[in-house]
Amino acid sequence: MDDIRFAVLGTGGIGRRTLEVSQHKDGLTAVAACDRNGVAIDHDGLDVDELLAATEGNIASGPQDGGFDDDVATDGGAAAAKSDGVKQHGEEAGIIASEQGKPTETPIDDVIHESDAVDAVLLALPNLEHDFIPRVAERFAEADYEGVMIDVLKRSRVIGMLDDREAKLKESGITFVCGAGATPGFLTGAAALAAQSFVEVEEVEIWWGVGLKSGYEDNRGTVREDIAHLDGYDIETAREMSEAEIEELIDEHDGVLEFHDMEHADDVLLERAGICDAEDVHVGGVLDVRSDEKPTTTTVSVTGTTFDGETGTNTFELDDVTSMEANVNGPALGYLKAGVRNNRAGHYGVFGPADLMPGF
Ligand SMILES: NC(=O)c1ccc[n+]([C@@H]2O[C@H](COP(=O)([O-])OP(=O)(O)OC[C@H]3O[C@@H](n4cnc5c(N)ncnc54)[C@H](O)[C@@H]3O)[C@@H](O)[C@H]2O)c1
């Protein structure tokens, strides 16, 4: 495939790693990156090493602003976080610490402005407002962007919000690949593949384990969103929590959070690919922020009936040594490349990870 020029929106825990992993893949050139405070653009290719070094331990994390009609980078809770002494927040954080970065109040619009020279945009933005990512997609469509957009969002309900905008995206020439991280994403694709033995799928069980000790500082955005899946919490309460409140909650659980029946889009993404009903998909897992070792092995189990009447369970298992960062960003970039192949073939609209696997 020809060289792919790509942009990353959001250079927090995930976006930084996307840039890093892209250096190990053929044909990918990062030409733009932004966070809430700044933007870096170089059509000949960003100096990724410099950008990563400048933002190491210094990401502009925290809840995104709620301003949907523009992308004014208000502090969105970062001031509260700063007063808690968390180093990666504050006015000087993130991309503007890089010599390639420029401060801006309109980081996403600045990337949209350059999007004629961009083949793919990876959205590693927070999902603490359900329609934030769909609205960003719409803004690219309104600017007649032609190319790929891909996100690593988790919440089931967001897929419908993207589908609602599909006509606009198609008209613009956008191939939007949604839910293409680890889960949903990698594991959704694995479930679609595992389902091929069966003519009828009864159940899909996804059980993940993540150990984040050395990556905890960099992944606070993800941890905050995961907290919204605990009993008694939702996206609004998680968004409003101070860093101190999050630490308190983590202390109460001795650093280990266990999740059941998560609203993960694997369910709707498998249903829209015709594999099973959304209600037959169950996602849960264990997050340990005090150990690098996975607290449990990540597995995908697909139970179904074969054409000749046998009932069986196909299981896909990740090695415990593969990190969350490897399992989100490798697949995200793989799905980005699959998206570009489709876009160049004129396939526009909204696609899930299971749509890019063998059909069912
Ligand atoms: N599907 C999966 O397997 C999977 C796994 C991990 C994380 N995620 C998701 O990835 C997303 C990113 O997580 P993270 O840990 O990198 O978060 P983070 O908080 O570390 O990073 C978010 C980035 O977005 C930027 N940002 C916020 N508001 C912005 C705005 N208005 N304009 C421009 N930039 C803005 C921030 O400055 C930051 O750089 C989350 O939604 C998380 O749930 C998905």
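In this predicted model, helix α5 passes helix α6 in a right-handed crossing. The contact of α5 with α6 is nonpolar throughout, with six nonpolar, no polar and no charged residues. Helix α5 spans residues 132-142 and helix α6 spans residues 156-163. Angles under 35 degrees count as roughly parallel, so α5 is roughly parallel to α6. On the α5 side, the residues in contact are Ile 133, Pro 134 and Ala 137. They meet Val 158, Met 161 and Leu 162 in α6.

The domain assignment divides the chain into domain 1 and domain 2. Domain 1 is made of two segments, 4-183 and 326-356. Domain 2 covers 186-320. The centres of the two domains, taken over C-alpha atoms, are separated by 22 Å. At the boundary, 29 residues of domain 1 are in contact with 32 residues of domain 2. By class, the side of domain 1 that touches domain 2 has 13 nonpolar, twelve polar and four charged residues.

An open sheet of eight strands was also found. Its order is β4-β3-β2-β1-β5-β6-β7-β13, and the pairing is mixed. Strands β4 (102-103) and β13 (349-351) stand at the edges. Each has a single partner strand, so one side of each is left without a neighbour in the sheet. At the β4 end, strand β3 (residues 38-41) and β4 pair in the antiparallel sense over two bridges. The bridge partner of Gly 38 is Pro 103 in β4. Helix α1 (residues 13-22) packs on this sheet. Helix α1 touches β1 (4-9), β2 (28-34) and β5 (120-123). The direction of α1 makes about 160 degrees with that of β2. Strands of a sheet pair through backbone hydrogen bonds, in either the parallel or the antiparallel sense.

A further open sheet has five strands, in the order β9-β10-β8-β11-β12. Its pairing is mixed. The edge strands are β9 (256-259) and β12 (311-317), each of which pairs on one side only. From one strand to the next, the twist averages 10 degrees.

Both senses of pairing involve β10. Strand β8 (residues 200-211) pairs with β10 (residues 281-288) in the parallel sense, over eight bridges. Within this pair, Glu 205 has His 282 in β10 as its bridge partner. Val 204 stands opposite Val 281 in β10. On the β9 side, four bridges join β9 to β10, and these two strands run antiparallel. Here Glu 258 has Val 286 in β10 as its bridge partner.

Helix α8 (residues 186-194) lies across β8, β11 (299-305) and β12. Helix α8 runs at about 30 degrees to β11.

Technical notes. Residues numbered from 1 in each chain as written. Predicted model: local features only at pLDDT ≥ 70, side-chain atom pairs only at ≥ 80, totals over all residues. Axes fitted to C-alpha atoms, helices over the stretch in contact; angles between N-to-C directions. Parallel < 35°, antiparallel > 145°, perpendicular 65-115°, else oblique. Left-handed = near helix turned anticlockwise from the far one by under 90°. Contact = placed C-beta atoms within 7 Å. Nonpolar A, V, L, I, M, F, W, Y, C, P; charged D, E, K, R; others polar. Pairing = 2+ DSSP bridges. Domains from an automatic or database assignment.
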